[in-house]
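I opened the notebook to record what I looked up, going from strands to loops, then to a helix and the ligand.

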Amino acid sequence: MRKILYPVQEKYIQSFRKKPDNLIKEMEKYAKVNNVPILSWQSAEFIEQLILITKPNRALEIGTAIAYTTIRIARNLKNNAVIHTIELSEDNIKTAKGFIKRSGVKEKIKLIEGDAFKVMPALKTNYDFIFLDADKTDYKRLFKYVMILLKKGGLIVIDNLLWQGYAAVATKIPSKYKASALSIKEFNKLFIQQPNFKTTILPIGDGIGLGIKK
Ligand SMILES: C[S@@+](CC[C@H](N)C(=O)[O-])C[C@H]1O[C@@H](n2cnc3c(N)ncnc32)[C@H](O)[C@@H]1O
C-alpha cells in the first residue's frame with residue numbers, strides 16, 4: 001500500500017473507479033502477476049484528462065514498460081497526433097508490441113527501442129507533451145533532454161515524485177526504496193526550482209509532477 005493517502009481515502013477513491021475495458025484490465029493483471037511497474041490507474045486517468053485538455057500533436061513517453069500508459073494516452077489523442085515511447089528492456093518491448101497490436105490505436109504509437117540516454121539526444125522532433133517514467137535515479141539526467149525536447153507551452157508529467165511516501169521523510173526508508181528516494185528528493189528540488197517551468201507536485205497515485213515550459 002502506498003503511503004500517500006490514508007487507506008480509507010484510497011478505498012473511497014477506488015470505489016468510484018469506472019470499469020476499465022478488457023485490454024486495460026488484462027494489462028493491469030499482467031503487470032501485477034509479472035511484477036512490472038506500471039502507472040496507477042488514478043494517475044493514468046489523470047493523464048488521459050491532461051491529454052484531452054492540452055490536445056498535444058506529439059507526445060513522448062520515456063519508459064514504456066508494457067505500453068499501459070502509452071495505449072491510454074494514444075486512445076485520447078486527437079486525429080493525426082502521435083505518441084513516441086522509448087523502452088530498453090527486450091522483454092517489455094516484446095510484451096508492449098503484443099498489447100499495442102491489440103489496442104486499436106497502433107497507428108498512433110511509435111515504439112522506439114533503446115536506451116533513452118542514447119535515443120533522446122538523437123530525437124529531432126519537439127514535443128508538446130512528455131511523460132517521464134523511467135528509473136528514478138536517472139530523472140535528473142533525463143530531465144536535461146526533456147528541457148530541450150519540450151516545446152514552449154508544452155507539458156511535462158513525471159511519475160513517482162512522492163515515491164511511496166518516502167520522498168517526504170528523512171529517516172526509516174527501507175533499503176529497497178532508499179536509492180530512489182534520495183534521487184527523487186534531489187530531483188524534486190531541481191524540478192520545483194526550474195526558472196523556465198511552472199511546476200507542481202500532486203498527491204495522485206505515487207505523486208505526479210506537472211511542469212509547463214514557459
Ligand atoms: C515504471 S516503468 C514504466 C511504466 C509505464 N510508463 C506505464 O505507465 O505503464 C519504467 C520503464 O522504464 C524502462 N527504462 C528504464 N530506464 C530506461 C532507459 N534509460 N531508457 C529506456 N527505458 C528505460 C524500464 O525498462 C521500465 O520498463
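How many bridges join strand β6 to β7, and in which sense do the two run? I worked on a predicted model, and in it I found six bridges between β6 (residues 197–202) and β7, with the two strands antiparallel.

**Strands.** I noted that Lys-198 stands opposite Ile-212 in β7. I then looked up what else pairs with β7 (residues 208–213), and found strand β5 (residues 150–158), which is joined to β7 in the antiparallel sense over four bridges. Here Ile-158 stands opposite Gly-209 in β7.

**Loop between β5 and α8.** I searched for positive phi values in residues other than glycine, and Asn-160, in the loop between β5 and α8 (175–192), has one near 75°. Is Asn-160 buried or exposed? I counted 23 C-beta neighbours inside 10 Å, and because 20 or more make a residue buried, Asn-160 counts as buried. Trp-163 lies in the loop between β5 and α8 as well, with a positive phi near 40°, and with 26 other C-beta atoms within 10 Å it is buried.

**Helix α3.** I took the span of α3 (residues 41–54) next: its 14 residues reach 20 Å from the first C-alpha to the last, close to the 20 Å expected at 1.5 Å a residue. Which residues of α3 are buried? I listed Ser-43, Ala-44, Ile-47 and Ile-51, and, seen down the helix axis, these buried residues fall within an arc of 100°, so they line one face of α3. After α3 comes Lys-55, with a positive phi near 45°.

**Ligand.** Which residues are closest to the ligand? I found 20 residues around it, the closest being Ile-38, Leu-39, Gly-63, Thr-69 and Ala-116. The elements that give two or more residues to this shell are α4 (68–74), β2 (82–87) and α6 (116–122). Sorted by class, the shell holds ten nonpolar, four polar and six charged residues.

Conventions. Residues numbered from 1 in each chain as written. Predicted model: local features only at pLDDT ≥ 70, side-chain atom pairs only at ≥ 80, totals over all residues. Pairing = 2+ DSSP bridges. Buried ≥ 20, exposed ≤ 12 C-beta atoms within 10 Å, placed from the backbone. Near = placed C-beta within 6 Å. Nonpolar A, V, L, I, M, F, W, Y, C, P; charged D, E, K, R; others polar. Expected span 1.5 Å × (residues − 1). Arc of directions from axis to C-beta.
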